[in-house]
Amino acid sequence: MKHKKIAYPADYRNDPNLKREHRTGVILVWVLVALIVIGSVTCAVLSAKGVRLMRTACFAKEIVDTLIPNSESATPAPAATEAPKAAQIEATPAPTHVPDPDFMDDAAQPFADTFASLPDVIEAVAPGVVGISNWRTYDRTNTQVEMSSGSGFLITTDGYILTNAHIIEDAERVTVRLSTGETKDAVVVGSDRTNDIAVLKVEAEGLIALPKGDSDAVRVGEFVFAIGDPVKTELAGSVTFGIVSAKSRAINIDGFTNNYIQTDAAINFGSSGGPLIDMNGNVIGMTSAKTVTAGYDGNGNTVSAEGIGFALPINHVWEIASQLIVSGSIAKPGIGITIAQANPMYVAEDEEMRPYVASVTAGGPADLAGVQVGDVVLKVDGKEYTDYDQIVAYIREQTTVGQQIALTVERAGEVLELTVTVGDLNRMP
């Protein structure tokens, strides 16, 4: 559109050119407003057993940063030495560091003394919590902008950091804000999207690492607190307090089922990847998601959930992180399907509520073997399963990538025997 100076007041109603420009401007304004509204809910709303879940990385300013790159929120990325443009991060990138087989020996040791009060615990662990930013290139100006942010925590004094994989997804550059306010460029050591775990590495001195607790020993009702960076740096190091509401909740997020510690300690946008800590200062979990909707009332209105947050147990996180640090990646057995349980409302009294295939990943192992949506799963490797969680657990825990398994399914009254080669979920389409 050609711009020209206009002497106001201008009567755009009687000037065809001005009228056209006015109409175009109104349309653009409404499009911008709509995109900003959408941006406020860009953290994906996920469905799991009747509740709606949200990842807690902060994406709220992504749309504004993209549309208005010169706005206050679209601060340019901190300068780095030579500032090379990083390659796009894959789900399980090749390691860019020297493998560290002695990692477990480098892990932080538990605090020697018992803390006298909660403020003492917080004072001791807060320096080990960091903020994480995901930077991507904005095409219009060819500059990097901060597209999302989250939290993380140091697990060794030489700079290894744990966080959620969804925070750094598709990042071109990742930076870490230390508790001192200093910002460092981070290397992505490895990432596992099926477990939503990633490991970063920064080079810095005087780092304070947080000790690993024992998530298996956690008890329901135990006091815990979370530290993170909700709403980016404005509220960095925010602390929330609560109890352990449940030890092991099987929750499906983004199509992947993991067991979580449930807590009523508030978890907010930007809290993803931060630590859940016990009263001895030990990390027992990594905060990852929250329930935002409990259900609907009689009129169909949304009923908000209160105090339902989820953290990945540290024992599980540590196992995955150790493999990422040593090798840079971890293979996750899978066949590229999601399985659901038949709804009793739609099953006749004399029928069994067997698991069935709800979706098939195009080009995945199951798709190549001929599995179709709607197939009722009768057996896996000759064993009958009546619960879909058992099938998922069997494939994930008792098979290896490249192994062939026998899948017995029923389709339109016909029983079929299919051979599926187990693949790596991280590398599926």
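Q: How many bridges join β10 to β11 in this predicted model?
A: Seven, and the two strands run antiparallel.

Q: What about the hairpin of β10 and β11, how many residues are between the strands?
A: Two residues, and D254 takes a positive phi near 60° in that hairpin.

Q: And which strand do six bridges join to β10?
A: Strand β9, residues 223–228, which runs antiparallel to β10, residues 238–253. V224 stands opposite G242 of β10.

Q: Back to β11. How many bridges does β11 have with β15?
A: Three, with β11 (residues 256–263) and β15 paired in the antiparallel sense.

Q: Why is β15 described as largely enclosed?
A: Five of the five residues of β15, 309–313, are buried, meaning under 20% relative accessible area, so the strand is largely enclosed by the rest of the structure.

Q: Changing topic: which strands make up the closed barrel?
A: Six strands, in the order β3-β4-β5-β8-β7-β6, with antiparallel pairing. The twist averages 45° from one strand to the next.

Q: How many bridges join β3 to β4?
A: Ten, between residues 129–138 of β3 and residues 143–154 of β4. W135 has E146 of β4 as its bridge partner.

Q: Which strands does helix α6 lie across?
A: Helix α6, residues 314–327, lies across β4, β5, β7 and β8. The helix runs at about 55° to β8, which spans 197–201.

Terms used
Residues are numbered from 1 along each chain as its sequence is written. This is a predicted model: local features need pLDDT of at least 70, side-chain atom pairs count only at pLDDT 80 or more; totals for chains, interfaces and linings use all residues. Side-chain values use heavy atoms; hydrogens and water are left out. Two strands pair if DSSP finds at least two bridges between them. Helices (H or I, at least four residues) and strands (E, at least two) are DSSP runs, numbered from the N terminus. Axes are lines fitted to C-alpha atoms, for helices over the stretch in contact, and angles run from 0 to 180 degrees between N-to-C directions. Contact means heavy atoms within 4.5 Å. Buried means under 20% relative accessible area, exposed over 50%, partly exposed in between (1.4 Å probe, protein chains only).
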